[in-house]
Amino acid sequence: MNVLLTGASGFVGQHLRQALARAGHAVVPVSRRDGVDMTRLSTPQRWWPHLNGIDAVINAAGIISQTRRQSFAALHDQAPRALFEACVQSGVPRVVQISALGADNTAFSAYHLSKRAADDALRQLPLAWFVLRPSLVHGAGGVSTALFNRLARLPAIPVVGDGGQRIQPVHIDDLVATVMQCLSAPQARRTLDVVGPQALRVVDWLQRLRVAQGLPPGRVCHLPHALVLGLTALCQPFSPLLRVDNLRMLQAGNVADVAPLAAFLGDMPQAPVTPASGGQP
Ligand SMILES: NC(=O)c1ccc[n+]([C@@H]2O[C@H](COP(=O)([O-])OP(=O)(O)OC[C@H]3O[C@@H](n4cnc5c(N)ncnc54)[C@H](OP(=O)(O)O)[C@@H]3O)[C@@H](O)[C@H]2O)c1
């Protein structure tokens with residue numbers, strides 16, 4: 001197949017690019033590093049030249065925080081919406097949209113709302129579509145993976161409040177396997193939550209990451225929510241993950257039923273971290 005892959009230079013995109021190449025597909029990459037700024041492709045017509053001979057589109061472009069140069073609305077909603085409409089007009093039959101867990105009717109953050117807007121637009125179109133909503137994705141090259149690994153190695157592991165926020169990390173290989181299956185699955189027009197096998201408290205996730213990096217379980221430092229809010233606002237320049245809205249999303253929790261994904265894959269997704277992995281995802 002000829003596959004147009006947006007976000008091809010990113011964490012998820014690079015893993016997908018390798019898997020697509022291994023499976024014998026030809027990849028047309030889209031990212032600024034590949035010379036294409038999607039926010040300039042805000043109408044279907046502008047996408048037409050990119051869709052010649054394309055059999056499937058995977059949209060894996062995204063940002064976790066807005067900047068002065070690009071907004072969630074432009075990158076998550078306007079450009080993908082134009083891309084999906086261009087697929088209908090150009091006869092591209094299949095689209096896989098990488099959304100995010102929480103981009104549903106509980107969404108409150110600008111991030112989730114912009115994802116949900118594009119997901120909803122795609123669901124209206126006469127295409128073989130898949131909307132994948134991954135939880136926290138764990139694996140080599142992930143910005144959040146690196147941040148959580150660093151936090152887990154600190155002499156005292158910092159958590160917000162009691163660290164009981166619930167997350168359900170999924171291994172990058174399971175997300176990639178899901179996308180690959182979407183390229184050929186006969187039953188399309190599906191929304192799937194892409195989550196790991198087990199919901200965990202953040203504090204337990206950090207302890208697992210610590211042990212996986214060869215350290216004994218560590219002391220936990222409980223930080224008051226108000227203090228973390230202040231620190232997050234102060235430290236914004238150091239990581240795109242450090243945003244008040246991202247903290248609010250973490251507080252709200254990020255879990256889902258794994259059964260539909262396991263049924264789709266024909267197997268349970270793997271535990272994203274095991275002590276034997278030696279800290280390397
Ligand atoms: N990682 C996770 O835990 C996670 C969880 C749930 C959902 N997701 C979603 O999965 C998708 C991929 O995430 P990721 O972790 O791979 O993020 P990432 O590593 O930050 O990659 C983002 C990709 O988007 C591209 N991009 C950003 N602005 C662009 C623009 N104006 N034009 C074209 N491409 C642009 C980037 O390429 P350039 O910078 O080269 O332009 C890069 O290839 C995102 O939609 C994200 O919301 C990720």
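Being three residues apart in helix H4, Asp120 and Arg123 are separated by about one helical turn; helices here are DSSP runs of H or I with at least four residues, strands are runs of E with at least two, and both are numbered from the N terminus. The structure is a predicted model, in which local features need pLDDT of at least 70 and side-chain atom pairs count only at pLDDT 80 or more, whereas totals for chains, interfaces and linings use all residues. Residues are numbered from 1 along each chain as its sequence is written, and side-chain values use heavy atoms, with hydrogens and water left out.

Asp120 and Arg123 form a salt bridge, with 2.7 Å between the closest N and O atoms. A salt bridge is defined as a side-chain nitrogen of Lys or Arg within 4 Å of a carboxyl oxygen of Asp or Glu. Side chains of opposite charge can pair when their charged atoms come close. Asp120 is partly exposed, because its relative accessible area is 35%; the classes are buried (under 20% relative accessible area), exposed (over 50%) and partly exposed (in between), computed with a 1.4 Å probe and protein chains only.

By this rule the count of salt bridges comes to seven. Another of these joins Asp34 and Arg17, whose closest N and O atoms are 3.4 Å apart. Asp34 lies in the loop between strand E2 (26–30) and helix H2 (44–47) and Arg17 in helix H1, so the pair ties together parts that are 17 residues apart in sequence. Both partners are partly exposed, Asp34 at 29% relative accessibility and Arg17 at 30%.

A further salt bridge links the side chains of Asp245 and Arg248, at 2.8 Å from N to O. These two residues lie three residues apart in helix H9 (residues 244–252), about one turn of the helix. Asp245 has 26% relative accessibility and counts as partly exposed; Arg248, at 40%, is also partly exposed. The C-alpha atom of Asp245 is separated by 20 Å from that of Leu151, 94 residues away along the chain. Leu151 belongs to helix H5 (residues 143–153) and is partly exposed at 24% relative accessibility.

The ligand has 27 residues around it, of which Ser9, Arg32, Met38, Tyr111 and Lys115 come nearest. A residue is near a molecule if one of its heavy atoms lies within 4 Å of it. By class, the shell holds 14 nonpolar, nine polar and four charged residues, where Ala, Val, Leu, Ile, Met, Phe, Trp, Tyr, Cys and Pro count as nonpolar, Asp, Glu, Lys and Arg as charged, and the others, Gly among them, as polar. A backbone N or O atom of Phe11 lies 2.8 Å from a ligand oxygen atom. A polar backbone atom of Val12 is 2.8 Å from an oxygen atom of the ligand, and for Ala61 the corresponding distance is 3.0 Å. On its own the ligand has 880 Å² of accessible area, and the protein covers 84% of it; accessible areas come from the Shrake-Rupley method with a 1.4 Å probe, and for residues only the protein chains shown count as cover. Helix H1 (11–22) and helix H4 (110–123) are the elements that give two or more residues to the shell.

On the surface, Leu227, Leu231 and Leu234 form a nonpolar patch with about 290 Å² of accessible area together. Patches are made of residues with over 30% relative accessible area and no salt bridge, with like charges joined within 9 Å and nonpolar side chains (Val, Leu, Ile, Met, Phe, Trp, Tyr) within 5 Å. Leu231 lies in helix H8 (residues 225–235) and counts as partly exposed at 38% relative accessibility.

How values were computed:
Polar contact = N/O pair within 3.5 Å; in protein donor to acceptor, adjacent residues only side chain to side chain.
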